[in-house]
Each structure stands twice: as C-alpha cells, then as structure tokens.
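Hi everyone, thanks for making the time today. I'd like to walk you through one model, starting from the inside and working towards the charged pairs. Let me put it on the screen.

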Amino acid sequence: MYGTKGRIGLLVPSVNTVVEPEFNAAIPEGYSIHATRMRNESANVEDSIAMLAHVERAADELGSAHVDVAVFACTASSFVEGTRGEAELRDSIARIAAAPVVTTSDAVREALRSIGARRISMVTPYPSELNALEVDFLNAAGISVLAEVGMGVVDAYSIAEVDTERTVRAALDSIAPESDALFLSCTNLRTFEIVEDLEKRAGVPVITSNSAALWLTLRTLGHSEGVPHLGRLLAAPVPA
C-alpha cells in the first residue's frame, strides 16, 4: 500500500503544473500524494475568489480517499479574503475532508515565524493588486514586508513558465538589506531548484510557498527528519 506513513491530499488550482512535481520530488519515502483540482484561469483578485467556489467539491473528493492531511495548495486564494477568510477556509476543508488542513498562506506565516523572520522581502509573479493583499495578510501576522516586487503575470498558467533566472534576478535586485528572510510566493512558481543557491547569494533564509507548505504538511504528519536541498527551513529535522 502506498502512503504507509501518510497520505497527502492536495487541492490544486487547475492551471498549476508546479506544485505536484515539486512535492513529489521532495516528499520523503513512505508518503503518497493525491490531488484534486479547482478550476481557475487568471492571477487576479476576482479569479482567486472565484476558485474558492470549487473548494467543497475538491475537499469532498480528498475525503473519499481518506487522506491524512489536506493541503490547499494555492497562496493567493488562501490570503485573498484576509486572515478571517483563511481561517474559515481551513475550517471548511477540515469539516468536509475529515482531516487536518494546511493552507499555503498559513504555512508561509508559520514558517516565517519558526525561523524568527519579522522583516522580509517578497517576490511574486502577481500583479500589484494581489501583492497588496498579501502584504496586508503578512502584516496582520506581525511580519513586515520591507520590499516587494510582483512580476505582473496575469495568466495563471504562464506563471509556471517564468524562468528561474528571472526569479533569482528579481529577488537579488529587490531584497532589502534589513530583511530577516526572502519569501518567494506562489505554488505555481518554480523555486525548489534555486532555493539553496539563492540562500547563499542573498545571505538570508529563503522561504517559498511550496517549501513552507511541505514543511507544515510534514510537521502535521509528525515527520521528524529534515529534507535536503530545500534551504534552512527544511534542512533541520521538522519539529513534530
């Protein structure tokens, strides 16, 4: 039987082609990943909210697979309605899927807190309207965004096509000297292959949407070992 240590259910935006490959490449032996999709198209506020209409159906599908944790693998749709909306989203998925829930935005918030990051720089593929809402979400958690840049990619599918060098350049060009960490947002943005090198070049921990979600997922499942090649957050044993 697959998933003897834990079955991970992913609620994935329909256009997302990154989060599943990154999770599957990094997940420790003994865990299995099972995904369902939520229809979306654009990286904007309206579409991020509209995608939430598919959550109950997706959560019900994962519940039927008896997953041990349900992961809402979208950053924007988990912060777009603020901290109250994120909490309600978690509660709704937990009730329907009958499993503990990780949302990407909550995972980012908890990951930054875990490394003591209170002042960060942020890079996203989003337009400015989504960046502003993400800054508000992080500020509400006591995390100050000292510098932020959005690459203005509106077609959500095309985020996966953003060259990793473009992401690295945006990060190094925009990072504020006083930052405790660098955050790369969006589960459809390729980041796992650049985290280690970017940490060395930036001189601060690098947290990504997918690394944070993976970290909190493993923590929720009680995994107690580190995951290599994904930066400082996952290098040490994951606290149970």
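Let's begin with the largest nonpolar core, which has 83 residues. By nonpolar core I mean a set of buried Ala, Val, Leu, Ile, Met, Phe, Trp, Tyr and Cys residues joined through side-chain atoms within 4.5 Å. Buried here is under 20% relative accessible area, exposed is over 50%, and partly exposed is in between, with a 1.4 Å probe and protein chains only. The residues with the most contacts inside this core are Phe 72, Ile 93 and Leu 138. Helix α10 (residues 209-220) supplies the largest share of the core, six residues. Helices (H or I, at least four residues) and strands (E, at least two) are DSSP runs, numbered from the N terminus.

Before I go further, a word on where this comes from. This is a predicted model, so local features need pLDDT of at least 70 and side-chain atom pairs count only at pLDDT 80 or more, while totals for chains, interfaces and linings use all residues. Residues are numbered from 1 along each chain as its sequence is written, and side-chain values use heavy atoms, with hydrogens and water left out.

What does Phe 72 touch, not counting residues up to four places away in sequence? Among its partners are Leu 11, Met 38, Met 51, Leu 52, Val 55, Leu 89, Ile 93 and Val 102, where contact means heavy atoms within 4.5 Å. The list also includes Ser 77, Ser 78, Thr 103 and Thr 104.

Ile 8 is buried, at 0% relative accessible area. Leaving aside neighbours within four places in sequence, Ile 8 is in contact with residues including Ile 27, Tyr 31, Val 67, Val 69, Val 71, Thr 217 and Leu 221. If you'd like a distance to check in your viewer, the C-alpha atoms of Ile 8 and Ala 236 are separated by 21 Å, and these two are 228 residues apart along the chain.

Now to a sheet. Four strands form an open sheet in the order β6-β5-β7-β8, with parallel pairing; two strands pair if DSSP finds at least two bridges between them. At the edges stand β6 (144-150) and β8 (206-208), each with a single partner strand, so one side of each has no neighbour in the sheet. On average, neighbouring strands are turned by 20° against each other, direction ignored. For angles, axes are lines fitted to C-alpha atoms, for helices over the stretch in contact, and values run from 0 to 180 degrees between N-to-C directions. Strand β7 (residues 181-184) pairs with β8 over three bridges, in the parallel sense, and Leu 182 has Val 206 in β8 as its bridge partner.

Which helices pack here? α7 lies across β5, β6 and β7, running at about 160° to β6. α9 packs on the sheet too, touching β7 and β8, and its direction makes about 140° with that of β8.

On to aromatics. Rings of Phe, Tyr and Trp (its six-membered ring) pair if their centres lie within 6.5 Å; planes under 30 degrees apart count as stacked, over 60 as edge-to-face and the rest as tilted. By this rule there is one aromatic pair. Phe 79 and Tyr 126 form an edge-to-face pair, 6.2 Å centre to centre with 65° between the planes. Phe 79 lies in helix α4 (residues 76-79) and Tyr 126 in the loop between β5 (119-124) and α7 (128-140), so the pair ties together parts that are 47 residues apart in sequence. Both Phe 79 and Tyr 126 are buried.

Finally, the charges. The structure holds 11 salt bridges, each a side-chain nitrogen of Lys or Arg within 4 Å of a carboxyl oxygen of Asp or Glu. Glu 86 and Arg 90 form one, with the closest N and O atoms 2.7 Å apart. They sit four residues apart in helix α5 (residues 82-97), about one turn. Is Glu 86 buried or exposed? Glu 86 is buried, at 0%, while Arg 90 is partly exposed at 25%. Arg 109 and Asp 106 form another salt bridge, 2.7 Å from N to O, and Glu 86, Arg 90, Asp 106 and Arg 109 are linked in a network.

That's my tour; questions are very welcome!
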